[in-house]
Amino acid sequence: MHPTEKPIYVTQPFLPPLEEFQPYLEKIWESKWLTNGGPFHQELEKKLADYLGVEQIALFSNGTLALVTALQALRITGEVITTPFSFVATAHSLLWNCIKPVFVDIDPETFNLDPEKIEAAITPHTTAILPVHVYGKPCNVERIQKIADTYGLKVIYDAAHAFGVRYKGEGLLKHGDLSILSFHATKVFNTFEGGAIICPDAKTKKRIDDLKNFGFADEVTVVAPGINAKMNELQAAFGLLQLKHVDKAIERRREIDAQYREQLSLVKGITCPPLPVDTIYNHAYFPILVEKDYSLSRDGLYEKLRQNGVFGRRYFYPLISDFPMYRGLPSAAQTNLIVAKKVADRVLCLPIYPLLTDNDFQRVVSLIAGEK
Ligand SMILES: *Cc1c(COP(=O)(O)O)cnc(C)c1O
């Protein structure tokens with residue numbers, strides 16, 4: 001790396017100008033309401049439900065606790081069908097609820113859970129399906145719902161990547177019994193740390209709100225061994241500010257995505273998985289596949305980029321099913337997850353974020369094209 005060049009990470013959080021946050025801070029200092037469903041929390045819930053085109057949303061301190069609570073809210077037990085090609089929190093949320101994950105292979109086009117392979121994994125213990133909209137690209141929600149209806153299963157989407165995605169003219173997060181979001185600093189919309197559960201009705205939201213506050217249903221009634229997973233007012237205030245900028249931020253991501261596609265189409269051995277169909281996409285990630293006819297292996301390219309200050313990420317390698325707490329499961333066998341293994345060995349996510357400069361973008365592309 002040239003000494004004057006700054007490292008380029010796979011993502012950089014979007015921070016609005018600092019002075020725009022000042023008025024929010026003053027209000028918090030004035031009200032002295034710091035957490036427990038304060039005014040900014042209430043406002044963010046309303047504005048997000050509107051923005052995302054969903055009925056109800058319950059805010060959380062992070063996405064992982066939202067996942068754990070979603071499973072608890074629907075009283076999921078036994079076995080749950082999920083994907084190995086995700087961030088480890090997806091499967092961890094099952095273990096936190098003493099549920100057995102059952103891994104099913106992914107679709108070679110979308111890298112999402114392959115609906116054609118779900119039915120074979122259903123047993124009398126199966127109670128739910130936990131798919132992930134990987135990179136924010138929609139799962140085959142129609143097919144998954146049909147299977148769930150046939151077998152009487154719940155569907156909880158890990159939609160951590162899918163903020164703002166619209167599918168066939170509607171909010172993607174409407175699908176399934178529940179969807180969860182992450183507002184971690186690395187995600188398209190962030191509240192430093194944060195998350196949410198999307199649910200269809202006020203009654204379910206009440207149960208979720210109770211569960212994220214120790215199980216308190218009112219001042220003197222505790223209905224379940226709930227956790228403390230409340231979003232605080234600082235996070236909510238930052239979310240409100242961020243929401244004002246998020247459309248612009250996604251627009252800039254869209255431009256970068258288009259430029260990568262154009263410039264990388266000329267590089268032999270690099271393929272860009274297609275954009276999702278019928279979708280207004282959020283361009284949360286830009287994965288490429290490093291094919292056999294590229295001049296370096298995937299890890300070779302990953303290392304070359306690192307040595308030049310470009311920190312791509314191999315999302316998702318290793319597969320969740322390869323971590324020690326999962327690899328003993330029968331469904332974790334490599335022969336069960338052939339597509340996932342192949343993708344995990346070839347994928348590399350490139351830097352994409354609203355403040356990525358043209359200059360830095362060109363540095364990334366030139367390195368991949370072998371020009372330096
Ligand atoms: C980020 C992420 C999570 C966890 O969210 P946190 O807010 O970091 O707890 C869960 N699932 C997926 C797929 C993620 O990418």
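A helix axis here is a line fitted to the C-alpha atoms over the stretch in contact, and the angle between two axes is taken between their N-to-C directions. With that in hand, let's look at this predicted model. Helix 2 (residues 39-52) and helix 7 (residues 233-264) pack with their axes 7 Å apart, at an angle of about 30°. Charged side chains also pair up here, with a count of 22 salt bridges.

**How two helices pack**

- Angles under 35 degrees count as roughly parallel, and helix 2 and helix 7 are therefore roughly parallel to each other.
- Where helix 2 passes helix 7, the crossing is left-handed.

- Side chains of opposite charge can pair when their charged atoms come close.
- Glu45 is buried, with a relative accessible area of 11%.
- Lys205 is buried too, with a relative accessible area of 13%.

**Two further salt bridges**

- The side chains of Glu79 and Lys100 form a salt bridge at 4.0 Å, N to O.
- Glu79 belongs to strand 3 (residues 79-82) and Lys100 to strand 4 (residues 100-103), so this pair links distant parts of the chain, 21 residues apart.
- Glu79 counts as buried at 10% relative accessibility, whereas Lys100 is partly exposed, with a relative accessible area of 37%.
- Glu119 and Arg143 meet through their side chains in a salt bridge at 3.9 Å, N to O.
- Glu119 lies in the loop between strand 4 and strand 5 (126-130) and Arg143 in helix 5 (residues 141-151), so their pairing ties together parts that are 24 residues apart in sequence.
- Glu119 is partly exposed at 35% relative accessibility, and Arg143 is partly exposed as well, with a relative accessible area of 26%.
- Returning to Glu45 and Lys205, salt bridges that share partners join them with Asp209 and Lys212 into one network.

**Two loop residues**

- Phe214 is found in the loop between helix 6 (202-211) and strand 11 (216-218).
- At 38% relative accessibility, Phe214 counts as partly exposed.
- Together with Phe216 and Val222, Phe214 makes a nonpolar surface patch of about 250 Å².
- Thr11 is found in the loop between strand 1 (8-9) and helix 1 (22-31).
- Thr11 counts as buried because its relative accessibility is 18%, and buried means under 20%.
- Thr11 and Lys187 are 176 residues apart along the chain, yet their C-alpha atoms are separated by 8.3 Å.

Technical notes:
Residues numbered from 1 in each chain as written. Predicted model: local features only at pLDDT ≥ 70, side-chain atom pairs only at ≥ 80, totals over all residues. Heavy atoms only, no water. Patch = residues over 30% accessible without salt bridge, like charges linked within 9 Å, V, L, I, M, F, W, Y side chains within 5 Å. Areas by Shrake-Rupley, 256 points an atom, 1.4 Å probe, with all protein chains shown as cover. Helix = DSSP H or I, 4+ residues; strand = E, 2+ residues; numbered from the N terminus. Buried < 20%, exposed > 50% of the residue type's maximum accessible area, 1.4 Å probe, protein only. Axes fitted to C-alpha atoms, helices over the stretch in contact; angles between N-to-C directions. Parallel < 35°, antiparallel > 145°, perpendicular 65-115°, else oblique. Left-handed = near helix turned anticlockwise from the far one by under 90°.
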